Every structure is written in C-alpha cells, then in structure tokens.
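Q: I have a model open in my viewer and I'd like to learn how to read it. Could you walk me through it, one feature at a time?

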Amino acid sequence: MDLSVLTSPAEFGVFRGSEAAVDRLEDFYRRFGFVILRDLFPVDLVDRMETECAAAQNGVLAGTVPERYGSTQYLDDETKIEKFVNYVEHVEEIAPAVREAATYPELVTVIRRFIGENCWLSDENRIGVVYQDARPGKESGYTRIGWHSDWQASPSLDIWPSVAFTFHLDGTSPANGFLRVVPGSHRWATPAPYRNVNNVTVPDDARSTGGYTDTPPPFPMALGFEKIPGEIPVYTERGDIILHDAYLWHSAARATDDAAVRRHVRSGYFNGDREKYANRYQFLKNAAR
Ligand SMILES: [Fe+2]
C-alpha cells in the first residue's frame, strides 16, 4: 500500500500553493476525487471577494441589482428570498475579485491538468459563478444539502468530466457546517437519480450512469443525509479552495451553531461542446431540507 498520502489526518488532501503543480496532487485527485488547495490565493483577493460578494448580496436583497443575480432555484422555500438572500448567481459579473479568482492562472493550470486543456468556466449562459451563504437561522432557505454527485444534476448534457470549485470565505467546522465526501466514489458508475427525494423528473435522454469506471457503487447512494461507509468530513480554512470531481458523492452538513455562517463562492469547469448547451443547464434539486 502506498502510504505517501497518509501524512496526517489534518493534511489529508491538503496541498499548499507551491505544491499546486506537483504530480502528487494529480495522483491524489485521481484516486480520491478531491483536493484542498491552501495558500494559493493572496489574502487580499479573498478579502476583496468577501467585500464584493457581501455588497452583491445586499444589492439583491435591496433590489438595487437586476433580478438576474438573485436566485431562488436552490431554495427550500422560494418566498424566503424576500427575507434573506442565500445565493447570488453570475456574481462574477458584479464582483471583479470573483472573476479574478475563478480565472486565477495557477488554479486554471491545476483544473486543466485534471480534465483537459479545453475546459471552460460556467459562463453567462449558465449559472456563472455563485456566491452562497448558508446559515441555519429560520430566515434561511439553504442550510445543508443531501447526498448527490454534481453530474446527476445534468445527466443528459455532454459537458463532463467537470471539476467543481468552492472558494471558502469562512473556514468550516461542525459549528457552521461542512462538506462530506466519499473518497473514490467518482470512480463508481453512479446511476442518474431516477429516484430522488424531490420527485424531479429525470430527462429521457439522460445517461444511465456517470463515473470513471463501469464498476457499480457497492451500495446505493443515500437519498438524504444518512451515514455512508467510507465518508469523511472535509474541513477548510478561510481562503481554501476545494476542487472536487463532478462524479464524487458529496453532501453538506448543517451547522450546529444557530448563529454560525458559512459563505463560499462556487462554480465549475466543464468539458464538451460549450455552445451546444448554452442556455441549457438542468438542475435536478437535491435534498435541501
Ligand atoms: Fe454538489
């Protein structure tokens, strides 16, 4: 057994800025389906993202930015956008630091290494980049999300493989919520969600499975928040970037501290024919409650 990845639990999957180009990073990603990039973004870039995203969020709530930026598509109760804004879509258009981060050369180099030179950032024809503010308070329409792979959201589009990124403006913990992943699950042939908790209809032309091998998962994907054998928490520090494969099984745990906040910027790079799927981004809702 190769023990080189087993440095310490705290460092499992963590790669510092200067290590971003090393083979070990790619080996880890191929094997486990995710990595954490630490100290890649300059501190001032993270600070600017925070300031600009907060302004965009306030703009949506106050109605001072166009409706296009406010999103209800992931909310558990769409009326809640009148009280609180959990999401700002296309935030890169009104937050220059977000565009700078999403196209940061060292980051793009790593992503190209994972999924190919011709990959492209989710753009204006799709959801673009999303600012996400999760909190457990009553006004919030997003507190956690159930097990899924991102591929399952659009199983009939030929835009895979894909790498999802999250830029963490808050470090994560059980107190404010955190990502749960099943390392290696990106290699399983995961079925499209023909059964899902929100009873969303899966398109007829959906691929039946998504993953890097034809090996079926050893057990069905849980529909909600159940414990999955082999799952681990992925905790972050402020400024960390999580990259995970679109075939990876993941979910997000709800915060235990009612006053806690978890904010990040997220989107992804995709493959395939960019123009063919312009304006066609499916979203099969996952278990948000
Ligand atoms: Fe996801």
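A: Happy to. Let's begin with one term: a nonpolar core is a set of buried Ala, Val, Leu, Ile, Met, Phe, Trp, Tyr and Cys residues joined through C-beta atoms within 7 Å. Bear in mind that what you have is a predicted model.

Q: How many residues are in the largest nonpolar core, and which have the most contacts inside it?

A: The general idea is that in soluble globular proteins, nonpolar side chains tend to be buried together. Here the largest nonpolar core holds 59 residues, and Val 88, Val 91 and Val 98 have the most contacts inside it. Take Val 98: leaving aside neighbours within four places in sequence, Val 98 is in contact with Met 49, Glu 52, Cys 53, Val 91, Glu 92, Val 129 and Val 265.

Q: And the chain as a whole: how many helices and strands are there?

A: You'll find four helices and 14 strands. Buried residues make up 40% of the 289 residues. If you take the contacts with a separation of 6 or more, 82% of them are between residues 24 or more positions apart.

Q: Now a helix. Which residues of α2 are buried?

A: When reading a helix, look at its length and then at its sides. Helix α2 (residues 43-62) has 20 residues and reaches 29 Å from its first C-alpha to its last, close to the 28 Å expected at 1.5 Å a residue. Its buried residues are Met 49, Glu 52, Cys 53, Ala 56, Gln 57 and Val 60. They lie on the same side of α2 because they cover an arc of only 145° around the axis. On the other side of α2, Val 43, Asp 44, Thr 51 and Ala 62 are exposed.

Q: What do the buried residues of α2 pack against?

A: They pack against β3 (87-88), α3 (96-102), β5 (130-134), β7 (163-168) and β14 (262-270). While you're there, look just after α2, where Gly 63 takes a positive phi of about 75°.

Q: On to strands. Which way do the residues of β7 point, and are they buried or exposed?

A: In a regular strand the side chains alternate between the two faces of the sheet. In β7, Val 163, Phe 165 and Phe 167 point one way and Ala 164, Thr 166 and His 168 the other, and all are buried.

Q: Which strands does β7 pair with, and is the pairing parallel or antiparallel?

A: Strands of a sheet pair through backbone hydrogen bonds, either parallel or antiparallel. Five bridges join β7 to β12 (residues 241-245), and these two run antiparallel. Within β12, Asp 245 is the bridge partner of Val 163. β7 also pairs with β14 in the antiparallel sense, over six bridges, and there His 168 stands opposite His 264.

Q: In what order do the strands of the four-strand open sheet come?

A: The order is β6-β13-β8-β11, with antiparallel pairing. The edge strands, which pair on one side only, are β6 (145-148) and β11 (232-234). On average, neighbouring strands of this sheet are turned by 30° against each other, direction ignored. For a close-up, β8 (residues 178-181) and β11 pair over three bridges, and Ile 232 in β11 is the bridge partner of Val 181.

Q: Last one: why does Ile 115 count as partly exposed?

A: You count C-beta atoms around the residue: 20 or more others within 10 Å means buried, 12 or fewer means exposed, and anything between is partly exposed. Ile 115 has 19 other C-beta atoms within 10 Å, so it is partly exposed. Ile 115 lies in helix α4, and its C-alpha is 6.3 Å from that of Pro 161, 46 residues apart along the chain. Pro 216, in the loop between β10 (209-210) and β11, is also partly exposed because it has 13 C-beta neighbours inside 10 Å. Leaving aside neighbours within four places in sequence, Pro 216 is in contact with Trp 188 and Ala 189.

Key. Residues numbered from 1 in each chain as written. Predicted model: local features only at pLDDT ≥ 70, side-chain atom pairs only at ≥ 80, totals over all residues. Contact = placed C-beta atoms within 7 Å. Pairing = 2+ DSSP bridges. Axes fitted to C-alpha atoms, helices over the stretch in contact; angles between N-to-C directions. Expected span 1.5 Å × (residues − 1). Arc of directions from axis to C-beta.
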